[in-house]
Amino acid sequence: MQQSPTEPQGPVDASVVPRFAGIATFARLPRLDEVGRADVAVAGVPFDSGVSYRPGARFGPSHVREASRLLRPYNPAQDVFPFGAQQVADAGDLVANPFDISAAVAEIEAGARELRKSADRLVVVGGDHTIALPLLREVAAQHGPVAVLHFDAHLDTWDTYFGAPTTHGTPFRRASEEGLIDLTASMHVGIRGPLYAKSDLEDDALLGFAIVTSEFVEEYGVPAAVERIRSRIGDKPLYISIDIDVLDPAHAPGTGTPEAGGLTSRELLRMLRSLADLRIVGADVVEVAPAYDHAQLTAVAASHVVYELLSAMVPR
Ligand SMILES: [Mn+2]
C-alpha cells in the first residue's frame, strides 16, 4: 500500500470545535472529496431490505457516525495514530435501491469499485449483512479469493429464505459458490444459538469455513481463539466482516437478530488488535439498527470496532 505523499489530514481539532459540533463525518475526519484520495475510506451502505427479522439497519451508518464523535487520535492499545499514519476519510454513503435487492447488490459493487479509484481500502458500515456479498465481489476481483474472517452470532451460509437467494443470512454461501473466498483460510467467530438443523454445520464446513464458537471463547479465552484465527489465515489477503450481533445483546442491543450468550466488546476489540500484522484488504461492520439501541451502546461499540480496524490497517 502506498503512503500519502503529503501529511494526512486528520480529524477536526476538538480543542477548537467541540466534539458535539461540526459536520458529522466518521470520527470528524475530512470527507473523501476534500482530500482527493485516501489510504482507507470509511463508507456507509444504508441498506436493510435483506433482513429476515427486525429491520432498521439502514439507519446504522448515521448512528455509528454520531457515536464516533468521541474517538480520539491516539490508540494506545495498538500504539498507533490511525488517522495520522495513513489518510483516512469519510466517503459518505453508497446508494442502494431499497425495493430491489438484485439492483442494490449491483449498485453496491459498482459503488465500491468506483470508490476504490480514490481509496486503497474500504471499511464499510452497514446496512444489513447482504452488503458483504457485493463488497466481496469487488475485493475478490482485485485480489482473487480472500480469507474471510467473519464475526457473527450466525453462520450466514444458509441457502435461501422464502426462495430468495440474496439476503442477510446467505452472503457467505453465495460468496463461497462464486469462488470469492479462500476455502482453506476462512472462519466464523462468535457463532452461537439455535440452528435449523445439524446439517447447517456440515454444509458450512463444505462451504469453506472453520468455526470458533462463542462457547470456545468462554472456555479457552481470547488468546486461544486468536491462535486458531491466525494459524488459519496465515498471510492470505484478509477480508474482515463483523456483524455487531457477535456481541452479547447486553453490549449491542441495537441489532436485528439478537442472540444471548455473545462476546463482550472487550473480547472483540482485543481479537481485532491481534490482527494488526495481517494482510487486511477490506472490512465491513454491519447490522447496527438504532431503533433497538439504548444510550448508544451498540453505536459506541461499533464505532470502536471501526477504530480498531482502522488502527490494525496502519502499515507496520
Ligand atoms: Mn450476519
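Predicted model: local features only at pLDDT ≥ 70, side-chain atom pairs only at ≥ 80, totals over all residues.
## Manganese site

Four residues coordinate the manganese ion: H129 through ND1, and D152, D156 and D243 each through OD.

## Packing of α7 and α8

Helix α7 spans residues 214-233, and its axis lies 9 Å from that of α8 at an angle of about 20°. The two helices are therefore roughly parallel to each other, and their crossing is right-handed.

On the α7 side, the contact involves V217, V222, P223, A225, V226 and I229, which meet E267, R270 and M271 of α8. This contact comprises 7 nonpolar and 2 charged residues, with no polar ones.

## Packing of α8 and α9

Helix α8 covers residues 265-273 and helix α9 residues 297-312; their axes come within 9 Å and cross at roughly 15°. Because angles under 35 degrees count as roughly parallel, α8 and α9 are roughly parallel to each other. The crossing in which α8 passes α9 is right-handed.

From α8, the residues L268, L269, L272 and R273 take part in the contact, and from α9 the residues H304, V305, E308, L309 and A312. By class, the contact of α8 with α9 contains 6 nonpolar residues, 1 polar residue and 2 charged residues.

How values were computed: Residues numbered from 1 in each chain as written. Heavy atoms only, no water. Axes fitted to C-alpha atoms, helices over the stretch in contact; angles between N-to-C directions. Helix = DSSP H or I, 4+ residues; strand = E, 2+ residues; numbered from the N terminus. Parallel < 35°, antiparallel > 145°, perpendicular 65-115°, else oblique. Left-handed = near helix turned anticlockwise from the far one by under 90°. Contact = heavy atoms within 4.5 Å. Nonpolar A, V, L, I, M, F, W, Y, C, P; charged D, E, K, R; others polar. Donors = N, O, S within 2.8 Å, 3.2 Å for Na, K, Ca; no water.
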